[in-house]
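Let's take a friendly walk through one protein chain. Have a look at the model first, and then read on.

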Amino acid sequence: MTDVTMGRRRLLKMFGLSATATTAAVLQADPVLAATLGHDERTGVSPVDYRAPTGLAQDTDAKRTALDWIGAHEGAITGLSDEVWEHAELSLREWKSALATARLLKANGFEITWGAGGFPTAFVATYGDGGPVLGFNAEYDALPGLSQKKGAGSHDPLVYNHDAYGPSYGAGHGDAHNALGAGGTAAAIATAHAIRAHGLKATVKLFGSAGEEQLVGKAYAVKAGVYDGLDAFLDWHPFNVTMPFWNTTSALVSATFTFLGASGHGGSPLGNKSGLDGALLMATMSEYLREKNVAASGRFHYAVINGGGAPNVTPDMCSIWFFVREGSPARARVLYDKIVACAQAAAQASQTRLVHRFHSATWNLLANKAGAELLNDNMQRIGAPEFTDADQALAKAVQKSLGKPEAGMPTELTPLTPPAASYTGGLSTDTADISWQAPTAVLLSAAYPTGIPNHNWGVTATAATNSGHQALLSAARYLAAAAVDLIEQPDLLAAMRQEFEDRTEGVGWASMIPDGTQPPLYQPPDDFLRETGQSWPPPGVTWPVPQVVATEQLGTTGPALAPVT
């Protein structure tokens, strides 16, 4: 039995179907996941005999103009990446990083519209008018706790917050969004220069996206129609390999559960009601779901946000933040409902009051084979990122520190292959919601060492070094080259569109975010509002947000008993 057959059997088992079931049965069981993985089987694509096509990418004057612009402006492009790395601003608070990105776009002829989707740090930068509308992506948010000194091969936080009882690290670009944003921005500008220099008819839009690490910005912006009207969307992400991405991702739901009780002295706790107890009970209950209620494609993970300040104060408030992932929106909702049930039971058991806040949700990614093949052909022509001996030495030092084989940075492109027939879970991206609105092509470019996971200090260490620079410059070239091909070869764009229509036939996209949900927001500094011409709060936003306050009564042990004599 081949690996392909086994993959298909695993996929069917995930759906609760027998091994003799057909693709039609998979479609009936879950049309969304079938549109991503089942489509390839239905159209005869097999990992056994697949060969990536060549001859899609053309060497033209316009493409050379785009690539030459990137080569001539490497300093400005990598300078933007390094500046954003230095700012290391958390999700939805990317004030300086968003401004730096927008300034480079404006200096190259783009018109900037701020506040996309109701997020102050989100914007749409537009160049051109008419023709096909091509979208690019920029993200610039950092992650908490992943501060790291640039170029350091062992864990050495740049920002260390001393506290006698609980030290912590500052924020850092452990997902290399500094490189992601600069690479996407450079690709958009390079494409615009090709349009201008050669009189091409096309429109370029660069979407500055807020809060991707929390899967917030694009999910709300797509629901608001910000990404409507695109003919194609081109995106990339820093990773530990370089390859086109022809696969799906996990659908995701994000929510916090706040348990409210009554505080008191930890030394005489009888009658106190602990919010921390509620959160820990919820976490423990959810762990018992894993064996019998979570499929191989499912994930959930959590973080306790505010568990109290001292052992001798019973905390009357504690929040626990959950990410729930599955292979499709329908499957994510089922798992999410089980998590909610745990929260409700935990509140009852801990005698606390539950405040449940839904934050965001996004679909799984809808890949596009035609788009991946176009990217692949351009990547093969341009070549893999080139790393120096110093880059390799740093990579091996990071790998050694983290107990991974000292393989260094990858020096070759990873071949394009069809996705496996089974989906066993993984990462999520809010680009996924865009992929159900327009044909979307995504690639990965090696910005950090082989074997190192993203969301790790090792990524922060390399993201603003030459390794990160080469990754983002290569990604910019790949994306810009593919964009010029789509403009100059309408048949390629039509093929992406036709595949998109085929995959989405019978699937009606609807945002997973309930109507009327207010997104998580932070009030911007006054100087940011002035420079971007925005006012606060955005339309439709209630501000200040209503407070969450514990008003619970202390518990009782029952009626007072007569003294024993």
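The text below goes from the whole chain to one of its strands.

This is a predicted model, in which local features need pLDDT of at least 70 and side-chain atom pairs count only at pLDDT 80 or more, while totals for chains, interfaces and linings use all residues. Residues are numbered from 1 along each chain as its sequence is written, and side-chain values use heavy atoms, with hydrogens and water left out.

**The whole chain**

The protein chain has 18 helices and 13 strands; helices (H or I, at least four residues) and strands (E, at least two) are DSSP runs, numbered from the N terminus. Its C-alpha atoms fill a box of roughly 100 × 60 × 50 Å, taken along the principal axes. Of the 565 residues, 56% are buried, where buried means under 20% relative accessible area (1.4 Å probe, protein chains only).

**Strand β9**

How many residues of strand β9 (residues 251-260) are buried? The count is 10 of the 10, so the strand is largely enclosed by the rest of the structure. Both faces are covered: Ala251, Val253, Ala255, Phe257 and Phe259 lie on one side, and Leu252, Ser254, Thr256, Thr258 and Leu260 lie on the other.

Two strands pair if DSSP finds at least two bridges between them.

| Partner of β9 | Sense | Bridges |
|---|---|---|
| β11 (residues 317-326) | antiparallel | 10 bridges |
| β12 (residues 353-362) | antiparallel | 9 bridges |

Valine 253 has valine 324 as its bridge partner in β11, and threonine 256 stands opposite arginine 357 in β12.

Key
Buried means under 20% relative accessible area, exposed over 50%, partly exposed in between (1.4 Å probe, protein chains only).
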